[in-house]
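Please keep the sequence and the three-dimensional view at hand while reading.

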Amino acid sequence: MGFKVAPYISFRDNAAAALEFYQSVLGGSLNIMKLGDMPHPGLAEEDHAKVMHGQLDLESGFVLMASDTPSSMEYDGGQRVTVTLFGDDPDELAGLFEKLAEGGNVVEPYAQAPWGDHFGMLTDRFEVFWMLNASSSQQPAA
């Protein structure tokens, strides 16, 4: 299998500060993309500096991800921690998405995202929130 699993933490508006703190404690390499770095029609001005995706890669191979919730979306503290599957094989992740979605609720269908990856979100039958992301240019299985 060519995928990894990582926790993904949602914040209202302080993901960057949290990730910088975690980096100061755990070390590693931190990459942060802001909401304003990607085209978002109707994005509120106060959301441009919020984190669209932050990733802390530790030397141990562990990955911690985080993002801020735009002001146009409701912040749900109950879904604060998400399980993320990520890799470079869209077909493999498409199959995992289908299996996880059985008996659950698809929040965002697994498809090619504006940033070029294949991405989808769902809540499984046990009410666990999942995000899947494949960073390959291959097409997912139909």
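**Briefing on the protein chain**

L122 touches F97, L100, A101, N105, V106, V107, V128, F129 and W130, leaving out residues up to four places away in sequence; a contact means heavy atoms within 4.5 Å. The model is a predicted one, in which local features need pLDDT of at least 70 and side-chain atom pairs count only at pLDDT 80 or more, while totals for chains, interfaces and linings use all residues. Residues are numbered from 1 along each chain as its sequence is written, and side-chain values use heavy atoms, with hydrogens and water left out.

**Overall architecture**

- The protein chain has two helices and eight strands; helices (H or I, at least four residues) and strands (E, at least two) are DSSP runs, numbered from the N terminus.
- Read from the N terminus, the order of these elements is β-α-β-β-β-β-α-β-β-β.
- The C-alpha trace of the protein chain spans about 40 × 40 × 30 Å along its principal axes.
- Of the contacts in the protein chain with a separation of 6 or more, 54% are between residues 24 or more positions apart.

**Surface and burial**

- Buried residues account for 40% of the 142 residues in the protein chain. Buried means under 20% relative accessible area, exposed means over 50%, and partly exposed lies in between (1.4 Å probe, protein chains only).
- The protein chain exposes about 8100 Å², of which carbon and sulfur atoms supply 53%. Accessible areas come from the Shrake-Rupley method with a 1.4 Å probe, and for residues only the protein chains shown count as cover.

**Charges**

- Side chains of opposite charge can pair when their charged atoms come close.
- One salt bridge is found in a search of the whole structure; the term denotes a side-chain nitrogen of Lys or Arg within 4 Å of a carboxyl oxygen of Asp or Glu.
- D47 and K50 form a salt bridge, with their closest N and O atoms 3.2 Å apart. Both D47 and K50 are buried.

**Helix residues**

- Y22 belongs to helix 1, which covers residues 15-26. With a relative accessibility of 25%, Y22 counts as partly exposed.
- Beyond residues up to four places away in sequence, Y22 touches F11, G27, L56 and L64.
- Y22 and M33 are eleven residues apart along the chain, and their C-alpha atoms are separated by 17 Å.
- D91 is located in helix 2, which covers residues 90-101. Its relative accessible area of 33% makes D91 partly exposed.
- D91 and D68 lie 23 residues apart in sequence, and 29 Å separates them C-alpha to C-alpha.

**Strand residues**

- L64 lies in strand 4 and is buried, with a relative accessible area of 9%.
- Apart from residues up to four places away in sequence, L64 touches P7, I9, L19, Y22, G54, Q55 and L56.
- L64 and M38 are 26 residues apart along the chain, with 21 Å between their C-alpha atoms.
- S67 is found in strand 4, which covers residues 63-68. S67 counts as buried at 11% relative accessibility.
- Neighbours within four places in sequence aside, the contacts of S67 include Y8, I9, S10, F11, V51 and H53.
- L122 is in strand 7, which covers residues 118-123. L122 is buried, with a relative accessible area of 0%.
- L122 and V106 are 16 residues apart along the chain, yet their C-alpha atoms are separated by 4.3 Å.
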